[in-house]
Amino acid sequence: MNLKLYNTLTRKKEIFKPINKNNVGMYVCGPTIYNYVHIGNLRAYTFADILKRYLKFKNYRVKEVMNLTDVDDKTIRDSQKQGKSLKEFTKEYEKGFLEDIKNMNIEMPEVMPTATEHIKEMVEIVKNLLKKKIAYKTNDGIYFSIKKFKKYGKLSKTKIKKLKAGASERMLKDEYDKDNVNDFALWKFYTKEDGDVFWDTEIGKGRPGWHIECSAMSMKYLGQSFDIHTGGTDLIFPHHENEIAQSEAHTGKKFVKYWLHNEWILVDGRKMSKSLGNFYNLRDIIEKDYSAMELRYFYLTKIYNQKLNFTWMGLKASKISYQRLKNIISTIKDDKKINKKYISEFEDAMEDNLNTPKALQVLWRLVRDEKAIGKLRTIKKIDEVFGLKLLETEEIKIPTDILEIVKEREVARAKKNWKKADALREVLKKEGYAVDDTDKGSVVGKL
Ligand code: AMP
Ligand code: ZN
């Protein structure tokens with residue numbers, strides 16, 4: 001099998017082949033640090049993490065760059081509202097983000113650049129685009145002329161021609177939608193509203209547009225052409241479309257080979273938003289007695305590029321499955337072997353565009369297969385990709401009266417009294433415990 005990934009650029013699943021032999025360069029559009037990241041953002045970073053871990057599992061050498069957007073319209077607006085300097089304001093959310101990815105067991109990227117430390121690189125690109133007459137100056141900023149880049153729209157399949165009026169308009173804001181396909185701002189000249197946020201540069205006093213930040217930081221660390229770029233589907237237009245335009249116009253080379261986008265997280269079938277009161281971050285999840293690993297398991301129950309509907313019931317189901325899985329695994333003894341058959345089934349699932357729900361089924365089959373050899377080491381290998389900490393055991397305290405019921409049930413089972421065994425399972429369930437029957441006897445865990 002070959003690893004196949006769905007490339008937004010071609011709208012096809014393609015066989016993955018890195019540009020440079022065994023080395024993979026991947027860029028993950030990181031968070032805008034103006035808030036704690038929510039469970040939608042965490043899905044995006046968990047997906048990128050699974051992708052990276054799988055590439056490493058397949059022995060690729062991966063260099064991952066994830067940026068932190070620490071200057072844009074939103075960070076400036078909200079830092080001013082709180083009367084803080086931009087740095088002071090973003091530092092807090094940067095810290096929060098690092099805590100969150102650690103809790104989610106997301107591997108640290110090899111490079112984590114911030115936009116404010118790469119202004120020089122951005123200015124260089126803008127200078128070159130001005131020289132090439134692809135960019136032009138107005139009184140409020142420097143803009144990219146989308147008409148000058150023939151392939152504009154190739155990622156989002158947006159057509160410029162149809163937008164007669166729009167194409168001659170300019171967009172100063174960082175975020176806008178397809179109805180506003182426009183020349184976009186590479187550099188924004190200073191206005192009073194920017195307060196003390198500005199850089200005095202060769203191209204004028206001001207600050208960068210959001211899109212140029214990612215072009216500058218990705219090419220600096222990964223080169224002018226690299227393998228993978230990820231983000232959520234909302235970033236396809238305009239952010240990634242603009243990244244392609246300005247990077248390729250600047251270098252004359254193909255910017256990125258594979259564009260991968262994760263789908264949206266919905267909450268109770270609706271868009272997550274503060275006004276609907278259905279907006280959650282990791283702190284909210286943990287407050288309700290769920291763990292980061294249970295949330296991670298929940299993410300894996302859907303392929304990354306399908307919509308995932310978050311409900312508390314759904315998270316609860318993941319919690320139960322996850323705890324059961326760990327309980328059973330804690331009873332498995334090491335026989336110092338690897339089970340090639342299950343590894344290969346796991347790979348088959350993952351190679352099909354990272355089909356984690358299918359790969360989870362393979363894991364469950366392995367865990368329940370009484371005859372399989374090499375169970376423990378195979379699970380460990382699989383968990384290098386899942387990152388679910390399946391072999392870490394924490395103390396689970398089971399009260400003695402519960403253990404007595406379990407014992408009684410074991411006796412019933414030994415006597416093949418299934419009716420009684422089932423009834424006792426129900427009793428346990430009512431008390432909040434689940435019991436699984438394994439080749440090593442029954443294993444009890446909290447629901
Ligand atoms: P932002 O900080 O808004 O740029 O978002 C960071 C990342 O999270 C981007 O890749 C977004 O596409 C992604 N993202 C934002 N909201 C959601 C959501 N509800 N579901 C999945 N991904 C999301
Ligand atoms: Zn970006």
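1. By class, six nonpolar, seven polar and two charged residues make up the shell around ligand 1. The model is a predicted one, and the points below should be read with that in mind.

2. In total, 15 residues surround ligand 1. The closest of these are N41, Y45, G232, D234 and I265.

3. For D234, a polar side-chain atom lies 2.3 Å from an oxygen atom of ligand 1. The side chain of N41 has an N or O atom 2.9 Å from an oxygen atom of the ligand. With G232 the backbone is involved: one of its N or O atoms is 2.9 Å from a ligand oxygen atom.

4. How much of ligand 1 does the protein bury? Taken alone, ligand 1 exposes 490 Å², and 91% of that is buried by the protein. As to location, the largest pocket holds ligand 1.

5. Which elements give two or more residues to the shell around ligand 1? They are the helix α1 (39-57) and the strand β11 (226-232). Of the shell, α1 supplies the largest share, with four residues.

6. On the overall layout, the protein chain is divided into three parts: domain 1 covers 16-262, domain 2 covers 266-386 and domain 3 covers 400-446. Taken over C-alpha atoms, the centres of domain 1 and domain 3 are 55 Å apart.

Definitions and conventions
Residues are numbered from 1 along each chain as its sequence is written. Chains are lettered from A and ligands numbered from 1 in the order in which they are written. This is a predicted model: local features need pLDDT of at least 70, side-chain atom pairs count only at pLDDT 80 or more; totals for chains, interfaces and linings use all residues. Side-chain values use heavy atoms; hydrogens and water are left out. Domain bounds come from an automatic or database domain assignment. A residue is near a molecule or strand if one of its heavy atoms lies within 4 Å of it. A polar contact is a pair of N or O atoms within 3.5 Å; within protein, one must be able to donate a hydrogen and the other to accept it, and residues adjacent in sequence count only if both atoms are side-chain atoms. Accessible areas come from the Shrake-Rupley method with a 1.4 Å probe; for residues, only the protein chains shown count as cover. On a 1 Å grid over the protein atoms alone, a cavity is a set of points where a 1.4 Å probe fits but cannot get out, and a pocket is an open set with protein on both sides within 12 Å along at least five of seven lines; lining residues have an atom within 4 Å of a point. A molecule sits in a cavity or pocket if more than half of its atoms lie within 2 Å of its grid points. Ala, Val, Leu, Ile, Met, Phe, Trp, Tyr, Cys and Pro count as nonpolar, Asp, Glu, Lys and Arg as charged, and the others, Gly among them, as polar.
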